[in-house]
Amino acid sequence: MAKISVIGAGNVGATTVQRLAELEPGEIVMTDIVEGLPQGKALDLMQAGAINGYDTRVTGTNDYADIADSDLVIITAGIARKPGMSREDLIKTNSKIIGEVSRNIAKYAPNSIVINVTNPLDIITYEVMKTTGFEPKKVFGMSGVLDAGRFASFIAEELKCSKKDVEAMVIGGHGDLMVPLPQYTTVSGVPLPELLSDETIAKLVERTVNGGAEIVELLKQGSAFYAPSAAIVRMAEAVIKDSKRILPASAYLEGQYGQEGIYFGVPVKLGANGIEEILELKLDENQYETLRNSSETIRKGISQLEI
Ligand SMILES: NC(=O)c1ccc[n+]([C@@H]2O[C@H](COP(=O)([O-])OP(=O)(O)OC[C@H]3O[C@@H](n4cnc5c(N)ncnc54)[C@H](O)[C@@H]3O)[C@@H](O)[C@H]2O)c1
Ligand SMILES: O=C(O)C[C@H](O)C(=O)O
């Protein structure tokens, strides 16, 4: 049985707790700075257990001491972007919030694995690793599972087939320069380029890259949270069940893909120890070029962090 703490009880945090509770992992603690918010949502989710049939203990708190001895901590605290903003525009505000969050995780849950969700994803995940002082393999970010889920959903719509049969792969930074990989995307084992024309694939790639912004524009306030929480739970499940799933995650690179000392979305093996392996894929020259440009945005963001 695992203890999971979710920092931030907003849209992403609370929806994540709801999905996690249904898996019956053991105990879930939800924290926020707003008094009453995590407590009220936790009580509501406890009562839902009687109807949905789960016995997970869910509690809400404003006190970091309650995350003590967590096996897994999921960070969703911070602000979401508004229409017209890039994720990088959130650096200043969110890095202040995450500095405080990270120091408390290091203090109260020093043996935990940490999944960061707060944007700008790759830059803030770097801040969490540096501020907690945790080993890089124990700190990683959620991005590629969401981006690949969007790509898969658009592909299924185009092919008029079940989403269940599409396995997509998206790597790189969780920003405007992410890299969907059609050559590593399959529909029941059939490579995507055999099913759709280059022009159609290019259209779906573009929609995937703008997938977060498309929802931000529609909502006018806040950003996506149903697909993001589903993606977080897929990763959390791999950690608590030690299932060694191969999933894209923002991982600390030490030479892989020609990158050193930054967090970047890459396929990894996820288990109880966090990132247990990083898989290196062969890319075409354009994809390498986009990765290099994306890494520059991440380095620029890291240089703006006050850590
Ligand atoms: N990685 C991804 O793919 C992805 C997907 C969706 C959202 N996000 C990011 O996740 C973050 C949260 O999004 P959301 O939609 O849940 O926002 P939200 O505004 O609904 O919730 C954020 C919560 O964080 C809380 N908070 C603020 N400061 C805090 C602190 N110091 N300690 C604890 N809690 C604090 C707020 O009170 C609020 O309840 C944003 O930065 C957003 O961009 C990332
Ligand atoms: O788009 C955002 O700002 C939120 C998140 O990163 C997403 O991709 O939905």
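The legends below describe close-up views of a predicted model. Residues are numbered from 1 along each chain as its sequence is written, while chains are lettered from A and ligands numbered from 1 in the order in which they are written. Because the model is predicted, local features need pLDDT of at least 70 and side-chain atom pairs count only at pLDDT 80 or more, whereas totals for chains, interfaces and linings use all residues.

**Figure 1. The whole chain.** Along the principal axes, the C-alpha atoms fill a box of roughly 50 × 45 × 40 Å. The radius of gyration is 19 Å, which agrees with the value near 19 Å for a compact globule of 307 residues (taken over C-alpha atoms; the globule rule is 2.2 Å times the number of residues to the power 0.38). Of the 307 residues, 46% are buried. A residue is buried if 20 or more other C-beta atoms lie within 10 Å of its own, exposed if 12 or fewer, and partly exposed in between, with C-beta atoms placed from the backbone.

Figure 2. In the contact, 35 residues of domain 1 meet 35 residues of domain 2, where two residues are in contact if their C-beta atoms, placed from the backbone, lie within 7 Å. On the side of domain 1 that touches domain 2, the elements giving two or more residues include strand E1 (2–7), helix H1 (11–21) and helix H4 (121–132). The residues of this side of domain 1 divide into 21 nonpolar, six polar and eight charged. Ala, Val, Leu, Ile, Met, Phe, Trp, Tyr, Cys and Pro count as nonpolar, Asp, Glu, Lys and Arg as charged, and the others, Gly among them, as polar.

**Figure 3. The shell around ligand 2.** Ligand 2 lies between domain 1 and domain 2, because both give residues to its shell. Arg81, Arg87, Gly212, Ser223 and Ala224 come nearest among the 13 residues around ligand 2; a residue is near a molecule or strand if its C-beta atom, placed from the backbone, lies within 6 Å of it. Helix H7 (residues 211–219) gives the largest share of the shell, four residues. By class, the shell holds seven nonpolar, four polar and two charged residues.

Figure 4. An unreviewed UniProt entry annotates His174 as "active site"; UniProt positions are given in the numbering used here, feature names are shortened, and annotations may be inferred rather than shown by experiment. His174 lies in the loop between strand E8 (170–171) and strand E9 (179–180). This histidine, His174, is buried because 29 other C-beta atoms lie within 10 Å. Leaving out residues up to four places away in sequence, His174 touches Leu121, Asp122, Ser143, Asp147, Ser250 and Gly265.

Figure 5. Asn119 and Pro120 are joined by a cis peptide bond with omega of about -5°, and Pro120 lies in the loop between E5 and H4. Lys160, in the loop between helix H5 (144–159) and strand E7 (166–167), is not a glycine but has a positive phi of about 55°. Lys160 is exposed, with 6 other C-beta atoms within 10 Å. Ser188, between strand E10 (186–187) and strand E11 (190–191), has a positive phi of about 45°.

Conventions. Domain bounds come from an automatic or database domain assignment.
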